[in-house]
Amino acid sequence: MDDFLSRLGAGLSARRGDRSRRAAAWNELCTHFPPSIEACEVETPPSTLFARDAGDLGVAVLWIVQAALARPIAAETGIPPERLSPLSSIGALAHSEDPARPMRFWMDGREIKLSGRKKYITGGMDADWIIITALEKEGEGPRAVYVPAAGLPAGALEEIDLGMLRTTSHARLTLSEQSPEGAVPLPADGRTVRRAIKRWGMVERALILEAYAGLCLRLARLIGMPDIQGRLDELMASISSSRRGLIAAAMAGERLAPGGLDIAELACIASSIGDQAPGAGSGAEDEPSFDDLKLARLFSPDPPRA
């Protein structure tokens, strides 16, 4: 495991923007750390290891989306397990959307028609399958539609650059009264879809916050900030305890209460780390990790439109 994490860190720069290298690293990663919600219950989840020990927050976020968002939502909305095999397959959730172009779907005979725009999809360009939320009728809750990525019309997915997390891909999706091949409306009703996205979205956020704190700890060690290291150790212990309680409640189907760590302090710490010259005490292979300290973009992504 340590050897893999070392190689993951050493290949960080080479994987940025290189889809084939990303795929090779992801496939090997999944043999060591198969994504599942059960793997998120441990004291230090794999996603935190990827960020803290390898400096790769991008792959940490992609793993979190698989383990704690896409697959749990898939299970709750009714996607048959065989459609999600193997575990190394990459799933994406297309939910965040342009209010001016909300996604809608309807049946045209036996064909599903989809029209609208989704503005931010983690792993979108590398996805094997996508869960698209869409309104079937005005005033009703969202339905979920399963779509094999290969069935999307050419050009429907467009890559976007967040200026961070470049070891995974990010995309927007635009459909104009089109029928993706293999699209299947899922049986879950609007209330079930809403609750699943809210519940697992909170778990995803907690795991990302913990991985982000792990990245901050790594960089603070690299540039020699012992006081900040001590505080980050305390914050990570608190985040870990809160995250495990959140996952236990989510798996039990309980209502989750927002709360936990105020990210303001973590944002201040990240800013202090970012103010240091990236080259101070760190190697060239670690410099890309400093790009991932842009906390506001991580938790409130609003990529510029083309």
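The buried residues of helix α4 are covered by elements that include α1 (2-10), α3, α5, α6 (190-223) and α7, where covering is a matter of contact, meaning heavy atoms within 4.5 Å. The model is predicted, so local features need pLDDT of at least 70 and side-chain atom pairs count only at pLDDT 80 or more, while totals for chains, interfaces and linings use all residues. Residues are numbered from 1 along each chain as its sequence is written, and side-chain values use heavy atoms, with hydrogens and water left out.

Let's stay with α4 for a moment. Helices here are DSSP runs of H or I with at least four residues, strands are runs of E with at least two, and both are numbered from the N terminus. Seven of the nine residues of α4 are buried, which leaves the helix mostly covered. Buried means under 20% relative accessible area, exposed means over 50%, and partly exposed is in between, with a 1.4 Å probe and protein chains only. The buried residues of α4 are P46, S47, T48, L49, F50, A51 and A54. Just after the helix, G55 takes a positive phi of about 75°.

How does α4 sit against α6? Two packed helices are described by the angle between their axes and the distance between the axes. The axes of α4 and α6 come within 7 Å and cross at roughly 15°. That makes α4 roughly parallel to α6. Axes are lines fitted to C-alpha atoms, for helices over the stretch in contact, and angles run from 0 to 180 degrees between N-to-C directions. Angles under 35 degrees count as roughly parallel, over 145 as roughly antiparallel, 65 to 115 as roughly perpendicular and the rest as oblique. The crossing of α4 and α6 is right-handed; the near helix is turned clockwise from the far one by less than a right angle in that case, and anticlockwise in a left-handed crossing. On the α4 side, S47, T48, A51, R52, D53 and A54 take part, and they meet L207, E210, A211, G214, L215, L217, R218 and R221 of α6. Sorted by class, this contact of α4 with α6 has six nonpolar, three polar and five charged residues. Ala, Val, Leu, Ile, Met, Phe, Trp, Tyr, Cys and Pro count as nonpolar, Asp, Glu, Lys and Arg as charged, and the others, Gly among them, as polar.

The axes of α7 (residues 226-251) and α8 (residues 263-275) come within 12 Å and cross at roughly 150°. That makes α7 roughly antiparallel to α8. The crossing of α7 and α8 is left-handed. I228, R231, L232 and L235 of α7 make the contact with E265, L266, I269, S272 and I273 of α8. By class, the contact of α7 with α8 has six nonpolar, one polar and two charged residues.

Now back to F50, this time for its ring. The structure holds three aromatic pairs. Rings of Phe, Tyr and Trp (its six-membered ring) pair if their centres lie within 6.5 Å, and planes under 30 degrees apart count as stacked, over 60 as edge-to-face and the rest as tilted. The ring centres of F33 and F50 are 5.2 Å apart and the planes are at 85°, so this pair is edge-to-face. F33 lies in the loop between α3 (19-32) and α4 (46-54), 17 residues from F50 in helix α4. F33 is buried, at a relative accessible area of 10%, and F50 is buried at 0%. The rings of F50 and W63 have centres 6.3 Å apart and planes at 80°, so that pair is edge-to-face. W63 belongs to helix α5 (residues 57-77), 13 residues from F50. F4, F33, F50 and W63 form one aromatic cluster.

Finally, some backbone details. Most residues other than glycine have a negative phi, and most peptide bonds are trans. A cis peptide bond joins S85 and P86, with omega about -5°, and P86 is in the loop between α5 and β1. L165, in the loop between β6 (157-159) and β7 (170-178), has a positive phi near 50° and is buried, at 1% relative accessible area. E177 lies in strand β7, has a positive phi near 50° and is exposed, at 54% relative accessibility.
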